[in-house]
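Hello,

Here is the structure we spoke about. Please open it alongside this note; my findings follow below.

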Amino acid sequence: MNEGFETLAIHAGQEPDPHTGAVVPPIYAVSTYKQDGVGGLRAGYEYSRSANPTRTALEECLAAVEGGARGLAFASGLAAEDTLLRTVCAPGDHVLIPDDAYGGTFRLFAKVLERWGVSYEPVSIGDVDAVRAAVRPETKVIWVETPTNPLLGIADIAGLASVAHDAGALLAVDNTFASPYLQQPIGLGADVVVHSTTKYVGGHSDVVGGALVAASAELGERLAYHQNAMGAVAGPFDAWLTLRGLKTLAVRMERHCDNAERVVELLASHPKVTQVLYPGLPEHPGHEVAAKQMRRFGGMVSFRVAGGEQAAVEVCNQTKLFTLGESLGGVESLIEHPGRMTHASAAGSPLEVPADLVRLSVGIETADDLLADLSRALG
Ligand SMILES: Cc1ncc(COP(=O)(O)O)c(C=O)c1O
């Protein structure tokens, strides 16, 4: 069946309940399942760390919307990342990561995995040749975010997939910023997609979660084994909320993109803004690649403020509709200062972000109200 994105988001993994006809998968708040004799599992369920029907519905839907073989839902994006890396890497292995990766991802490599013998190296993933040159014999994974958090850098997924595969490595793509509606990395050659479903997939700032979607059933099986063995699963309430969000992802993303474009227009002509970082701008160095691999350019916008760090912090303190807060991807607009907030853990490292940077998660409120709020805050 060749169903459209919206149809899959609303129906994949979500057949009406066979007992009641409920059109929404129920929240199976249950830890264990009656067995029909020893080893006689009903529909494969024995214990909710291994599998739970509400989580299965979300996992099947995630696999469908990303075009992958297997989806897995976790307690957070970082739990998904940790499970992936400890499934595919062993001591002595090496991972290439973006030189402006999400601060929490960087911290996972720098403060946790390195102690267990997995080394990492930040590289400019917007430059396919630089990535190829940085690959070592022990490189197991090329880790990509595109667009990146918070500098909105763009990586060529298809180009990096061939670099990874030539080297016998896996290409992992953190698709959190784009969401599966705007970009489907597996179709471009990625081996595994990573999500913080806390963001656009959930979409309502009411649940923390993560996901992995494997391109192959074989990798999916290994990840599922580790998901159960390591145990950082999404609970049924969280899986239900995330799935409810996923159903409306397409319409939300269209409005996020519409509003972001209006915000970019305002910022680009504002005298207090020295640079706007948005892959939809023709002058963005990744614009052509983004136009090739993304449906639209997303709801995240970063910009640099004339007057340096203090001026940037001041803008963050002045907005009213843009709420000062970490995270992104919800229906409500958020503003933050990455250097002091989301990316504080990268201070002093090669991933340190500019001090005059402000990041916006443009929500789906009335665009004119968002523009008025930003104009007022910029002064
Ligand atoms: C791009 C990206 N990846 C991963 C994560 C981690 O996800 P979580 O906060 O759900 O653990 C985040 C969180 O902000 C993120 O922005």
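A polar contact here is a pair of N or O atoms within 3.5 Å. Please also keep in mind that this is a predicted model.

**Ligand site**

L78 contributes through its backbone instead. A polar backbone atom of L78 is 2.9 Å from a ligand oxygen.

How much of the ligand does the protein bury? Taken alone, the ligand exposes 390 Å², and 90% of that is buried by the protein.

The shell around the ligand has 13 residues. Those that come nearest are G77, D174, S196, T198 and K199. By type, the shell holds seven polar residues, three charged and three nonpolar. Which helix gives the most to this shell? It is α3, residues 77–88, with three residues.

**Helix packing: α3 and α4**

Helix α3 also packs on α4, which spans residues 103–112. The angle is about 35° and the axes are 11 Å apart. This crossing is right-handed. On the α3 side, the contact is made by L78, E81, D82 and L85. On the α4 side, G104, T105, R107, L108 and F109 make it. The contact residues divide into four nonpolar, three charged and two polar. Note L78 in particular: its side of the story includes the backbone contact to the ligand and a place in the α3 contact with α4.

**Helix packing: α2 and α9**

The second pair is α2 (residues 53–66) and α9 (residues 236–247). Their angle is about 35°, with the axes 8 Å apart. Is this crossing left-handed or right-handed? α2 passes α9 in a left-handed crossing. From α2, the contact takes in T54, R55, A57, L58, C61, L62 and V65. From α9, it takes in P236, A239, W240, T242, L243 and L246. Ten of these contact residues are nonpolar, two are polar and one is charged.

Please look at the backbone here. Most peptide bonds are trans, and most residues other than glycine have a negative phi.

- T146 and P147 are joined by a cis peptide bond, with omega about -5°. P147 is in the loop between β4 (139–145) and α6 (157–166).
- N149 and P150 are also joined by a cis peptide bond, with omega about 10°. P150 is in the loop between β4 and α6.
- L152 is not a glycine, yet has a positive phi of about 60°. L152 is in the loop between β4 and α6 too.

Best wishes

Note on methods. Residues numbered from 1 in each chain as written. Predicted model: local features only at pLDDT ≥ 70, side-chain atom pairs only at ≥ 80, totals over all residues. Heavy atoms only, no water. Near = heavy atom within 4 Å. Polar contact = N/O pair within 3.5 Å; in protein donor to acceptor, adjacent residues only side chain to side chain. Areas by Shrake-Rupley, 256 points an atom, 1.4 Å probe, with all protein chains shown as cover. Helix = DSSP H or I, 4+ residues; strand = E, 2+ residues; numbered from the N terminus. Nonpolar A, V, L, I, M, F, W, Y, C, P; charged D, E, K, R; others polar. Axes fitted to C-alpha atoms, helices over the stretch in contact; angles between N-to-C directions. Left-handed = near helix turned anticlockwise from the far one by under 90°. Contact = heavy atoms within 4.5 Å.
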